[in-house]
Amino acid sequence: MTPTLSQLKTSATCTALKCKECGAEYELKATHVCEMCFGPLEVVYDISALKRTVTRETIQAGPNSIWRYRPFLPVLTEQYIDVGTGMTPLLKSHRLARQLGLKNLYIKNDAVNMPTLSFKDRVVSVALSRARELGFETVSCASTGNLANSTAAIAAHAGLDCCVFIPADLEAGKVIGTLIYSPTLMAVQGNYDQVNRLCSEVANTHGWGFVNINLRPYYSEGSKTLGYEVIEQLGWELPDHIVAPLASGSLFTKIYKGFQEFIEVGLVADKPVRCSGAQAEGCSPIAKAFKEGRDFILPVKPNTIAKSIAIGNPADAVYALDIARKTNGNIESVTDAEIVAGMKLLAETEGIFTETAGGTTIAVLKKLVEAGKIDPDEKTVVYITGNGLKTQEAIQDAVGEPLTIEPKLDSFERALERSRTLDRLEWQPVLV
Amino acid sequence: MAVKVLIPTPLQKLTNEQATLECSAGNISELLESLEQSCPGIKARLCDDQGELRRFVNFYVNNEDIRFLEGISTSLQDGDEVSIIPAIAGG
């Protein structure tokens, strides 16, 4: 069949997989590790073709989803899965910014990403599109919860069989939010790193498409759209500073890659962007390596309420460390109590209910500002990557209770007076 | 000591497409030598020029990362299962 003109324009942009360590190249198949040195493989694009064919106008004329950036994503056909993922709001923050003393703060809100309310929908939309092209009938993943929700949902939409592996102790919202799509759900009695190892072993022997294992080079490219969208939503301009959560480090490195690609193709003017990362203290191997000046991590056993970012053996840590250092950014960690406070702060000042990973990112943002590591004038973008309705256990003892009243006016008046008194008491330095 | 070794897909070309091997070794260091004997070339894939494990290679003995044990000196018992796993992104 002769390809149409539009297919010719957009279909031949990715050319190979290339090892990030030794540079060995591979065909665009389902493989994620260099056979020579075990380094991770990354998709290579024909940059000159992108320069010739992509403009701000061609992007703006595309769909209102991540697929407006289709030439920068590793799919070969036009049969990609578009479930409205991406183009989430970039909000100019007023109340949170004032509270922190920042003049130029923006919030990229993937708590409302589609269809499953986390940034994972971006990577899964790309991974499953590629999985279908590669002929997989069963897709799978190792997940801390958000990826499970997303893989199960988008597999259901695409009519793919799905088997998902999670640690057995996940939040109820993430378990139910996966089961509803009827995948096979394996709750593994172990932490995420153990789930990951098991899945690697399964991937060796079953012919399944694991989105974050043998499809990882394609999967991880989806995160670049968080970089592209911020550029476009800022009016085709780079921010001065970003703060993003760090789990495996993949998201962080791909936001950076997204910025670099738009610079290289000439879609945005070059300028330095500082990249800062956020971890929970109970699982902070990257933050520790950053503080101690190491370029390698020592794996840890996670112990934090921020389960979605509790990866003790993060695969892309070395690249995340490198990017934070070379961009003059920071990697910081916060306690579980600070994470809860971060969730509440974002909710009370901006009306955004994020999950523990977002609480971590907000708490680190606050910590960096207080330490003078973010200039008040810097155009700073903070990435909120997941939704608080999925991690209610983390917050349920910290949000108070409703005032139960009778359906009578005087009952209401008494309760209102009481709540106002309680509010006033909260502002007093000593209890009365 | 006779141990079972799980071989990741990227190395299976060197093991005649076998996903598991039986090996005899008293610790991980000896295991690397033993693997090299039966599958020439495999050690260079797993270790750098200094003989250190490459940074994206993970070794597990009975489900435990050897970095929580004694690294390549981690001793092996009869019947142990050793898993070689490339680093994985997640979430």
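How many bridges join strand 1 (residues 2-6) of chain B to strand 5 (residues 81-86) of chain B? Three bridges do, and the two strands run parallel. The model is predicted: local features need pLDDT of at least 70, side-chain atom pairs count only at pLDDT 80 or more, and totals for chains, interfaces and linings use all residues. Residues are numbered from 1 along each chain as its sequence is written, while chains are lettered from A and ligands numbered from 1 in the order in which they are written.

Chain B holds two helices and five strands. Their order along the sequence is β-β-α-α-β-β-β. Helices (H or I, at least four residues) and strands (E, at least two) are DSSP runs, numbered from the N terminus. Buried residues account for 37% of the 91 residues in chain B; a residue is buried if 20 or more other C-beta atoms lie within 10 Å of its own, with C-beta atoms placed from the backbone.

The five strands of chain B form an open, mixed sheet in the order 2-1-5-3-4. Strands pair if DSSP finds at least two bridges between them. Strand 2 (20-24) and strand 4 (64-65) of chain B are the edge strands, each pairing on one side only.

Helix 8 (residues 192-205) of chain A lies across strand 1, strand 3 (57-61) and strand 5 of chain B. Helix 8 of chain A runs at about 90 degrees to strand 5 of chain B. Axes are lines fitted to C-alpha atoms, for helices over the stretch in contact (C-beta atoms, placed from the backbone, within 7 Å). Angles run from 0 to 180 degrees between N-to-C directions.

Methods. A residue is buried if 20 or more other C-beta atoms lie within 10 Å of its own, exposed if 12 or fewer, and partly exposed in between; C-beta atoms are placed from the backbone. Two residues are in contact if their C-beta atoms, placed from the backbone, lie within 7 Å.
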